Every structure is written in structure tokens, then in C-alpha cells.
Amino acid sequence: MTATPALVPAMAPVTRSAASMAEDVVLDVEDLSVSFVSPQGIVPAAREVSFEVRRGETLAMVGESGSGKSVTSLAILRLTPPAPQCRIEGRVRLRAGDRRVHDLLALPEARMRELRGSAAAMVFQEPMTSLNPVHKIGDQIAEAVRFHSALSKRGALDRAAELLDLVGIPDVRRRMSSYPHQLSGGMRQRVMIAIALSCEPVLLIADEPTTALDVTIQAQILELLHDLQQRTQMALLFITHNLGVVAEIADRVIVMYAGRVVEEAAVLPLFKRPLMPYTQGLLRSVPRLDLAGRRCDELAAIPGNVPDPLALPPGCSFAPRCAHRVPELCDARVPLLEGAGAEHFVRCARWASLAEGAPP
Amino acid sequence: MTSPVGAIDGPPAKPALTSRWDSPALRRFRRHRLAVFGAVTILVLTLACIVGPFLLPFTDTFIDIRQRFAPPLSGAHVLGTDQLGRDMLARLLMAGRISLAVGFAAMAISMVIGVCVGLVAGYYGGAIGAVLMRFVDAMLCFPSIFLLLAVSAFIHPGVETIILLIAFTAWMEVARIVEAQIKALRERDFAVAAEALGASDARVMIRELLPNAIAPIVVAATLNVAHAILAESYISFLGYGIQPPTPSWGNMLDNAQGYLTSAPWLAMLPGAMITLAVTSFNFIGDGLRDALDPRTDAR
């Protein structure tokens with residue numbers, strides 16, 4: 001679906017074994033492309049995104065606004081707008097709690113609905129608006145419990161109280177009969193997490209769950225997610241644009257740019273030795289408090305803007321903003337996602353020479 | 001959410017247990033004098049219509065030919081009698097039963113139709129929504145009074161058919177209100193969140209979205225009762241509605257036409273009842289509109 005498909009040779013070196021999923025892989029996304037049909041043309045929001053998340057692992061998906069993070073996560077659960085406005089291609093496989101593998105994009109809607117919430121759940125960015133303002137907290141959690149279980153109303157309410165306790169909400173019985181507007185933002189996000197966990201999903205997708213919260217609450221929520229993951233061994237797909245949060249919670253990171261995965265690595269190698277110039281720029285643009293005592297330069301920023309999704313450059317999407325651009329190399333074709341070490345992948349035509357030439 | 005750590009463990013923003021009678025909405029409603037007046041009037045009127053006929057010494061069909069055209073406050077008949085010597089108070093209360101029942105029943109049916117159409121159209125949008133809403137537009141184009149008259153000329157008029165007729169000409173406004181509300185609510189995060197938890201379409205529509213649209217629906221329902229009472233009066237007045245001897249405020253008016261100069265109370269009393277009931281419902285509607293819209297507090 002890219003502009004120059006003929007120039008992209010077989011993806012064999014990067015696509016993981018397509019046939020079978022390793023036993024500990026919970027979510028396997030292969031060449032997922034999502035595009036929206038708009039009056040101006042077809043807008044590719046995510047392009048050939050591939051990754052996998054394993055049991056008990058946290059995969060962070062990082063990128064600027066509009067890089068396709070949220071669209072990818074919504075497409076996994078098939079929550080994007082229906083077919084004529086939005087096209088999804090590729091393959092998404094999920095290993096549910098009973099170890100059965102489901103091909104999510106091929107499932108009928110009714111089967112998909114059964115998996116949503118029970119096998120894969122989602123926590124959204126805005127805790128202020130993700131709860132229904134007219135229902136009590138306890139009822140909302142109990143409702144979620146009852147979507148996928150045969151519990152009685154009373155049993156579901158007991159389970160809701162248990163869940164609220166699990167996510168660290170004090171005075172559970174009183175909170176159960178509170179309305180969302182009576183809770184603080186951090187508490188509401190805890191409630192959202194409780195709802196997401198209600199059916200013990202194997203995969204939790206958290207779409208910027210801490211962005212709307214202030215910093216101290218952020219830390220508490222991150223810790224809570226980490227604790228819960230330790231306990232339940234669920235896989236966590238954590239979407240954020242906050243690199244500080246990534247460093248804190250992630251095991252592995254994928255960096256998205258203009259709808260594509262541009263780098264994938266374990267968290268330490270990525271922070272220590274980012275290979276893609278975009279990732280390097282991102283890391284440089286984080287304000288560093290520890291440097292304040294020394295010399296306080298102006299905050300480094302990546303020049304230019306995210307490309308217009310309707311007029312993407314023919315080659316590397318980042319080339320127009322890249323300091324290391326070599327026109328004949330970078331603009332010729334979209335670089336492949338190449339292996340650059342153990343579990344380290346980078347989509348840059350010059351990564352090898354850059355790594356040699358200028359070690360960070 | 002602004003206070004960082006304390007907010008997590010601290011007390012909630014408001015005490016969790018406020019009595020429903022103390023809610024801000026009810027306080028706003030109580031401030032609306034005319035609405036309170038309307039609510040009290042409707043309550044009294046409804047009770048009187050239900051209980052009254054059992055307490056009166058006359059039934060609405062009891063004919064006392066010697067007491068024809070007795071004026072109000074002139075003897076045993078408090079509100080006088082009509083051309084057949086029937087007690088006006090008994091007739092007004094029995095007619096009230098019919099008229100109010102028609103009003104409430106027609107409202108209920110038109111609400112069900114309107115809410116269903118609006119929900120489906122607003123939730124699915126696209127082709128389904130367009131077809132449904134264009135149908136609503138087409139229905140709105142008919143002048144409903146003429147439609148009512150034309151249809152009631154063909155079918156046997158009775159209480160049930162009048163209710164259905166009025167309901168079928170009154171649901172479109174509701175459908176439009178609900179559609180607009182649901183369209184806006186559909187985009188809210190909690191709708192997507194419910195879907196992400198595996199809620200079915202029907203569940204999202206009824207459990208998540210509809211309760212959030214209840215305020216304008218309640219207002220529309222109140223105004224719909226007034227409309228239905230008025231519509232019933234029109235049709236009955238024109239002779240196509242509730243048929244004598246069953247009294248309704250409309251056909252009592254019709255009946256009074258011939259005696260407008262000799263016995264004006266025959267027209268004035270049912271006219272006053274219609275006015276009282278309709279304006280009361282309209283006041284309640286206005287009051288509810290203000291009470292259920294939290295922004296009115298900011299004035």
C-alpha cells in the first residue's frame with residue numbers, strides 16, 4: 001500500500017515466523033496497516049506495523065501525536081470506525097487465556113465482542129470522560145464483570161469491591177456508590193483499570209493512561225500497573241509519548257514515526273544506544289534536570305514537522321527532518337526494518353555507518 | 001484531580017450520600033414558581049379525576065331532565081348541568097380521565113417510537129441514520145391535524161385509536177432530539193470504553209448512552225402530553241374523536257357550541273380544564289428544561 005511497493009523487496013528478514021506463534025507470545029501483530037478514507041484521499045495512519053507482546057512483558061509504543069500509536073491499538077481490538085471509512089489490513093493474533101489463538105481481524109463481530117474485555121482489555125487516556133457520568137462506580141464495574149461471566153448481580157458487586165480493593169481504592173464500600181464526578185482523576189483511572197482487569201485479560205492495552213494525570217499520580221498508576229502485571233502475568237501494551245514513563249515501565253520499546261515502526265529494542269539498549277536518528281532526536285529532546293547545574297542549553301528539538309500523511313516522502317518518512325540524510329540513499333526507497341543486534345531492529349538506510357562514524 | 005497525593009486517599013469531592021430531595025436539579029425546579037404551580041395542578045387534577053367520580057352523588061351519565069341547564073352554584077349541582085341535565089362536575093372529571101389518559105398514553109407510545117428511532121439513527125448513523133431521519137423529516141411535513149382528521153374519518157374512532165393516531169403524529173420531534181443527543185454522546189470516551197469491554201451495540205445504546213440523554217427526553221415527554229391533550233381536544237371538538245356518551249374535554253366543547261349564549265358555562269368549564277392542563281404541562285416542561293440543564297445555575 002505504500003507508494004513504491006515494487007522497490008520494497010521481500011520482507012523475509014524481518015517478519016517473524018508467520019506460521020506459528022511462540023508459546024509465550026500473547027499478541028502477534030503482523031503487517032498491520034490502517035488507513036482512513038477522507039475527502040482528500042486515503043490517509044495511511046499505520047503502515048505495516050509488526051510486533052509481538054509476550055506474557056508478563058510490557059511493550060511500550062512511543063511516538064509523537066499522529067504517529068499511529070492509538071490507531072494501531074484501536075485496530076487490534078477492532079474499535080476503529082467501520083469499513084467504508086477505515087481499512088484494516090494485515091494479521092493480528094491473540095492467544096487467549098485458554099491458550100487458543102484467535103485471528104482477530106478475521107473473527108465475526110460477535111466472537112470479537114466476546115474477546116474484548118475478557119481476553120484483551122483497554123485503558124483509555126482520559127479518566128475524566130471514560131466513565132459513564134450517570135452510573136455509580138460499583139455498578140459500572142459490576143456491569144463489566146457481567147459482560148463475560150454468569151455471576152449474579154450481587155456476586156458481580158462483590159467482585160467489583162474486590163477489584164476496587166485490588167487497585168488500591170480505600171473505603172471501597174462507600175466508593176462503590178459514588179458517581180464518577182465525586183472521584184479525583186487518579187481514582188477514576190484506578191477505577192478504569194479495575195474495570196479493565198475485571199475479566200482477567202491476558203493483554204491490557206493502555207493508551208496513554210497517565211497523560212491526563214499529574215506527575216505524582218502518574219507514578220502511583222505506573223506502580224499499580226506494574227504490581228498488577230507481576231501478579232497476573234498479563235501482557236501490557238503501553239502507549240505513550242512520555243519517554244520518562246517508558247524508562248520506568250517498559251521491557252521493550254517500539255518507536256513509531258508517521259505510521260511506521262522505525263526502531264524496536266529492549267529498553268536499555270534503546271536508551272543507551274538509539275540507532276535511528278529519530279529516536280536519538282526524541283531522547284535528546286527530553287528535558288534533563290540533572291544537567292541544570294552545569295550548562296543549560298536550549299532544549300534540543302527535532303527541526304521540522306511530522307509529514308503530511310497525504311503527502312508522505314517516497315523514501316524514509318523521517319528523511320526531510322534528518323540531519324544525516326543522504327538524498328540518493330534515503331529518498332530512494334523506504335528502508336527496511338533491519339536487525340541491528342539482539343532483538344534490536346532499526347528502519348534507517350544509514351544506521352550502520354552512523355553507528356560506526358559517530359558512536360554516541 | 002488537582003491536589004496530587006491527598007486526593008487519592010482523601011474524602012470525595014462531595015459527600016456521597018446527598019438525599020435525592022436535595023439535588024441541585026430539584027432545587028432549580030422548585031425555584032421555578034410556575035413549574036411548581038403546574039406540577040401541583042396536574043397532581044390535583046389527576047387525583048380528582050381518578051377519585052372524584054366515586055365521591056360525587058351523580059354519575060356522568062345520569063340524566064335528570066327536570067334539571068336541564070342548571071347554572072353553576074345553584075343547588076345540588078355545583079358546576080351546573082348540561083342540556084340533558086347531566087352533572088357538569090361529574091362529566092368534567094370523567095372527561096378528564098379520558099383526556100389525561102389519552103395525553104399520557106399517547107406520550108408514552110410516541111416516546112417509545114421516537115426514542116427507538118432516534119437511538120438507532122444516532123448510534124449507527126450513515127445510511128441507516130440517513131434513511132430513518134429522512135423518514136422523520138417526511139413525517140414532519142404532514143400537517144398533523146389534517147392527517148389526524150383524514151385518518152379518523154376512515155377508522156372507527158375510539159379511545160385506543162385516538163391514542164395511537166396522536167402518538168403516530170407526535171414521535172418525530174422526540175426522534176430528532178434523541179438522534180442529536182446520541183450522535184454527540186456516541187463520540188464520548190465512555191461509549192468506546194464500553195465497547196472495548198465487549199458491550200454489545202444494544203447495551204451501549206440503552207445502558208450507556210440513553211441515560212445521558214434523559215434530560216431533554218423528559219422535557220420533550222412533558223410537552224408531548226400537553227400536545228396530545230390539545231390534539232385530542234381538536235379532534236373531538238371536530239367530532240372525529242372520542243364519541244359521546246363517553247365524555248372528553250374536546251367533545252364537551254363541541255357539545256356546548258349550540259348553547260354558547262344561553263349556557264356559556266358548558267363551553268367555559270371544559271375550555272378552562274384544557275387550558276389549565278395544557279399550560280400546566282408546558283410550565284412543567286419549562287421548569288424541567290431549566291432544572292435539568294446544569295448550566296442554568298451559572299447565570
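Two strands pair if DSSP finds at least two bridges between them. The views below come from a predicted model.

**View 1. Eight strands of chain A form an open sheet.** The strand order is S6-S7-S8-S3-S9-S10-S12-S11 in chain A. The pairing is mixed. Strand S6 (120–123) and strand S11 (338–339) of chain A are the edge strands. Each of these two pairs on one side only. Look next at strand S3 (residues 58–62) and strand S9 (residues 252–257) of chain A. They pair in the parallel sense, over four bridges. Here A:Leu59 stands opposite A:Arg252 of S9(A).

**View 2. Four strands of chain A form an open sheet with antiparallel pairing.** The order is S2-S1-S4-S5 in chain A. The edges are strand S2 (41–54) and strand S5 (101–103) of chain A, and each pairs on one side only. From one strand to the next, the twist averages 5 degrees. Strand S1 (residues 25–38) of chain A runs antiparallel to S2(A), and ten bridges join them.

**View 3. Chain B has 13 helices and zero strands.** The C-alpha atoms of chain B fill a box of roughly 85 × 45 × 30 Å, taken along the principal axes. Chain B has 299 residues, and 43% of them count as buried. Take the contacts in chain B between residues at least 6 apart in sequence: 70% join residues at least 24 apart.

**View 4. Helix H7 (residues 159–168) of chain B holds several buried residues.** They are B:Ile162, B:Ile163, B:Leu165, B:Ile166 and B:Ala167. Their cover includes helix H4 (88–124), helix H6 (144–154) and helix H11 (214–237) of chain B. Now focus on B:Ile166. Leaving aside residues up to four places away in sequence, B:Ile166 touches B:Val102, B:Ala106, B:Ala228, B:Ala231 and B:Glu232. B:Ile166 also belongs to the largest nonpolar core, which has 186 residues. Together with A:Ile141, A:Leu203 and A:Leu237, B:Ile166 is among those with the most contacts inside this core. H4(B) gives the most to the core, with 19 residues.

**View 5. Helices H11(B) and H12(B) cross.** Two packed helices are described by the angle between their axes and the distance between the axes. The axes of H11(B) and helix H12 (residues 249–256) of chain B come within 7 Å and cross at roughly 35 degrees. The crossing is right-handed. From H11(B), B:Glu232, B:Ser233, B:Tyr234, B:Ile235, B:Ser236 and B:Phe237 take part. They meet B:Trp249, B:Gly250, B:Asn251, B:Leu253 and B:Asp254 of H12(B). By class, the residues of this contact are five nonpolar, four polar and two charged.

**View 6. Chain B meets chain A.** In this contact, 25 residues of chain B face 36 residues of chain A. Helix H1 (6–9), helix H9 (189–196) and helix H10 (201–209) of chain B each supply at least two residues of the side of chain B that touches chain A. H9(B) gives the most to this side, with six residues. The side of chain B that touches chain A has 15 nonpolar, three polar and seven charged residues.

Key: Residues numbered from 1 in each chain as written. Chains lettered and ligands numbered in written order. Predicted model: local features only at pLDDT ≥ 70, side-chain atom pairs only at ≥ 80, totals over all residues. Contact = placed C-beta atoms within 7 Å. Nonpolar A, V, L, I, M, F, W, Y, C, P; charged D, E, K, R; others polar. Buried ≥ 20, exposed ≤ 12 C-beta atoms within 10 Å, placed from the backbone. Axes fitted to C-alpha atoms, helices over the stretch in contact; angles between N-to-C directions. Left-handed = near helix turned anticlockwise from the far one by under 90°. Core = buried A, V, L, I, M, F, W, Y, C linked by C-beta atoms within 7 Å.
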